[in-house]
Amino acid sequence: MNRAALLVLADGRFPAGGHAHSGGAEPAVAAGRIRDAESLEDFCRGRLHTAGLVAAALAAAAAAGHDPLALDTAADTRTPVAALRDTARKLGRQMMRAARATWPSAELDALAAARPRGAHQPVVLGVAARSAGLEPLDAAYAALYETVSGPATATVRLLSLDPFDATAVLARLVPELDRVAATATATARRVAEEGVDVLPAASAPLLDISAQHHTTRPARLFAS
């Protein structure tokens with residue numbers, strides 16, 4: 001195992017396209033649901049336990065070597081809104097480009113060939129982690145960190161929030177992130193015997209609705 005690869009994979013400068021997406025923070029700011037560090041923390045906590053849990057479990061299962069095409073279908077069924085499915089596949093396509101250049105592998109090549117328009121980003125992330133010699137728990141952590149760091153970074157730009165305050169939000173969420181990562185990884189281990197239906201399907205309807213509405217906004221800073 002090459003644990004240092006996790007630093008590369010989770011680095012915000014890894015060219016996987018995440019900088020163009022706010023993780024739902026931009027529509028939340030526009031609606032007044034994120035106003036300051038306190039409300040940002042509430043928003044990130046909600047994402048962590050819903051979209052984050054789902055993404056982490058998918059990534060952990062892919063890193064464990066489970067069928068990425070079955071996982072991609074499972075991701076589709078857990079993403080009811082077209083806007084978020086499109087975003088997940090666009091990010092997956094960009095992640096695939098970066099991962100194949102960084103950690104070339106037959107598994108990444110096979111997934112890219114099977115899903116030329118892009119697989120869901122958490123699935124690609126998990127296969128990339130596996131190609132980098134990382135464990136399922138590492139993939140879960142990378143998925144969860146992206147789930148909360150994306151909105152935090154975007155809010156700094158959207159509200160001119162003090163970056164020290166945004167980073168403090170992430171630090172306060174660390175104990176919960178640890179617990180969700182452990183839960184997601186434990187669930188991923190059950191896929192071998194119980195199939196992909198065992199993976200979590202936590203929902204966040206307001207995030208779904210906001211994401212769909214965001215696509216119609218005439219002016220926006222982030223793609224999602």
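Me: OK, how many salt bridges does the count come to?

Reply: The count comes to 12 salt bridges. Bear in mind that this is a predicted model.

Me: Which residue does R89 form a salt bridge with?

Reply: R89 pairs with D72, and their closest N and O atoms are 3.0 Å apart. R89 sits in helix 5 (residues 82-102) and D72 in helix 4 (residues 68-77), so the bridge ties together parts that are 17 residues apart in sequence.

Me: Is R89 buried or exposed, and what about D72?

Reply: R89 is buried, and D72 is buried as well.

Me: What about R100, which side chain does it meet in a salt bridge?

Reply: That would be D109, with 2.9 Å from N to O. D109 counts as partly exposed because its relative accessibility is 36%. R100 has 37%, so it also falls in the partly exposed class.

Me: And R130, what's its salt-bridge partner?

Reply: E107; the N to O distance there is 2.9 Å. R130 belongs to helix 7 (residues 121-131) and E107 to helix 6 (residues 106-114), so this pair ties together parts that are 23 residues apart in sequence.

Me: How accessible are R130 and E107?

Reply: R130 is partly exposed, with a relative accessible area of 35%. E107 is partly exposed too, at 38% relative accessibility.

Me: Which residues are linked in a network of salt bridges?

Reply: E41, D42, R45, R172 and E176 are linked that way.

Me: Switching to S131. Where is it placed, and what does it touch beyond four places away in sequence?

Reply: S131 is in helix 7. Leaving out residues up to four places away in sequence, S131 touches W103, S105 and L108. S131 has a relative accessible area of 22%, which makes it partly exposed; the cut-off for buried is under 20%.

Me: How far is S131 from R45?

Reply: Their C-alpha atoms are separated by 30 Å, and the two residues are 86 apart along the chain.

Me: Zooming out, how many helices and strands does the protein have?

Reply: There are 12 helices and 0 strands. Reading from the N terminus, the order is α-α-α-α-α-α-α-α-α-α-α-α.

Me: What share of the residues is buried?

Reply: Buried residues make up 50% of the 224.

Me: And the contacts, what share comes from residues 24 or more positions apart?

Reply: Those account for 80% of the contacts with a separation of 6 or more.

Note on methods. Residues are numbered from 1 along each chain as its sequence is written. This is a predicted model: local features need pLDDT of at least 70, side-chain atom pairs count only at pLDDT 80 or more; totals for chains, interfaces and linings use all residues. Side-chain values use heavy atoms; hydrogens and water are left out. Helices (H or I, at least four residues) and strands (E, at least two) are DSSP runs, numbered from the N terminus. Buried means under 20% relative accessible area, exposed over 50%, partly exposed in between (1.4 Å probe, protein chains only). Contact means heavy atoms within 4.5 Å. A salt bridge is a side-chain nitrogen of Lys or Arg within 4 Å of a carboxyl oxygen of Asp or Glu.
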